[in-house]
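Dear colleague,

I am passing this structure on to you, and I would be grateful if you would look through it alongside the notes that follow. They go from one kind of feature to the next, with the residues named throughout.

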Amino acid sequence: MFIENLKKIKQWLFYAVFCALLILILMKIDIFIAIFVKISGLLTPLLFGLGFAFIINLFSSHVENFLKKHLPKTKRMMKACRPIAIFITILIAIIIFYFLTIAIFPQLIQSIQMFAKQLPSYLKSIQDLLNQFFDTLKLNYVVNFTQSESWNTVLPQITNYLTKVLPDLYKNAMSISMVFLNVFMGFMICFYFLIDKEKFILQAKKIVAAIFPVKVSNKILEISQKSNHTFSMYIRGQLIECLLEGIIFVIVLSLLRFPYALLIGSMVCVLSIIPVLGATFVCIFGFLLILAINPLQAVLFVIVYQVIQQLESSLLYPRVVGNSVGLPGVLVLTSVFLCGGLFGIIGVLLGVPLTAVVYTLFREFIYFLLNRRNVEVVGNEVVEKNS
């Protein structure tokens, strides 16, 4: 009896301390947010390292298994397989990034320069077209506005604004160098983490088992395993699918003799990792680029782009990515906007698999409640299950 009362007292003390801490956090929320931001800033290299380790492990594990099958089965060679696999994976990633950089930036600068040269003639053509349209509708006050001095000073105002903004980029040199430093340190942490990944994962499991009860620990490990599976399948599939889609766009656009085929294909390869929004941005950007050369070809580009996108969604995406996410389309779009608004670019990239994990857990919880109540939904009726 005494032991049971002592357990209840400990339980109520735990709830009391938890509520007190929660109230304290809510009362001093600004201080805790500042502390959290400061700590997260200090832990940026570690976060980079864990992120790099997760992505690189998706591919290096396959390379490691391949090496273990085909290399001599000596103890030294088996031990060297993992560092070699990590090095090969990072080297391939750097080569792909290098070629994408070569393909994107020179042509991007050239296209921006060409677009800037064509911009005055574009504005003049738009102005003449608007004048004809408003003159046909006999809207003389609108015609007078488009012919006024304020319309003709739009381009100089844009130029002056850019002239003031661009020098501020030099002031951010220190922050850019810090980003490169964090990325470099992240790669170092990533390498050491991947070398002994089983050891770190086992230590994490021991920490969970030491803090939580057995049932809670098993549930946490189960959720972690499902999350790891969903994130792994989604990210690996998305990266492979983006690379294949970029290659397809380069080949098709080159065969149809569209300009900037390599640039557009490279941007598809990079930005298609962002669901929905990435493909839309590339389509608009490619349309504007080709519009500076040939307006009719720009319209044809949009048609070709949409055809390739539809074929990719129907044939390539299900085979490469599969049903790893399993989200309805409306939840995919909602997760991109919601997580992107809350967490920025990281939220945009990881919002879909994160929402998929939450969706899966919520669905399991609903089925658990239905089974607990011994009911099921049949059509428009809720009926009890047959015993």
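For the lining described next, Ala, Val, Leu, Ile, Met, Phe, Trp, Tyr, Cys and Pro count as nonpolar, Asp, Glu, Lys and Arg as charged, and the others, Gly among them, as polar. Please keep in mind that this is a predicted model.

With that classification, the residues lining the largest cavity divide into three nonpolar, two polar and three charged. The lining is made up of Asn-57, Ser-60, Glu-64, Arg-82, Ala-85, Ile-86, Leu-194 and Lys-197, and at least two of its residues come from each of helix H3 (44-70) and helix H4 (75-136). The volume of this largest cavity is about 40 Å³, and the count of cavities of 30 Å³ or more comes to one.

As for the chain as a whole, it has 14 helices and two strands, and 26% of its 387 residues are buried. Among the contacts with a separation of 6 or more, 66% are between residues 24 or more positions apart.

Turning to aromatic residues, the count comes to eight aromatic pairs. In one of them, the rings of Phe-281 and Phe-285 have their centres 6.0 Å apart and their planes at 15 degrees, so the pair is stacked, the cut-off for stacking being under 30 degrees. These two residues are four apart in helix H12, and are therefore separated by about one helical turn. Phe-281 is partly exposed, as its relative accessible area is 45%. Elsewhere, Phe-249, Phe-258, Phe-301 and Tyr-305 form one aromatic cluster.

The loop between helix H10 (214-255) and H11 holds Arg-257, and Tyr-260 is placed in the loop between H10 and H11 as well. Most residues other than glycine have a negative phi. Arg-257, however, has a positive phi near 60 degrees, and Tyr-260, also not a glycine, has a positive phi of about 60 degrees. Which of the two terms, buried or exposed, applies to Arg-257, and which to Tyr-260? Arg-257 has a relative accessible area of 71% and is therefore exposed, since the cut-off is over 50%, whereas Tyr-260, with 11%, is buried because its value is under 20%.

A further loop, between helix H11 (261-271) and helix H12 (277-291), is where Ser-272 is found. Its relative accessibility is 10%, so Ser-272 counts as buried. The side chain of Ser-272 reaches back to the backbone oxygen of Val-268, at 2.7 Å, and, once neighbours within four places in sequence are left aside, Ser-272 is in contact with Gln-238, Cys-242, Glu-245 and Met-267.

Lastly, Ala-298 belongs to helix H13 (residues 295-320), and because its relative accessibility is 0%, Ala-298 counts as buried. What is Ala-298 in contact with, leaving aside its neighbours within four places in sequence? The residues in question are Phe-287, Ile-290 and Leu-291. For Phe-287, the C-alpha to C-alpha distance to Ala-298 is 5.1 Å, with the two residues 11 apart in sequence.

With kind regards

Technical notes
Residues numbered from 1 in each chain as written. Predicted model: local features only at pLDDT ≥ 70, side-chain atom pairs only at ≥ 80, totals over all residues. Heavy atoms only, no water. Buried < 20%, exposed > 50% of the residue type's maximum accessible area, 1.4 Å probe, protein only. Contact = heavy atoms within 4.5 Å. 1 Å grid on protein atoms, 1.4 Å probe; cavity = no way out; pocket = protein on both sides within 12 Å on 5 of 7 lines; lining within 4 Å. Points joined across faces, edges and corners; volume = space filled by probe spheres on them. Polar contact = N/O pair within 3.5 Å; in protein donor to acceptor, adjacent residues only side chain to side chain. Phe/Tyr/Trp six-rings, centres within 6.5 Å; stacked < 30°, edge-to-face > 60°.
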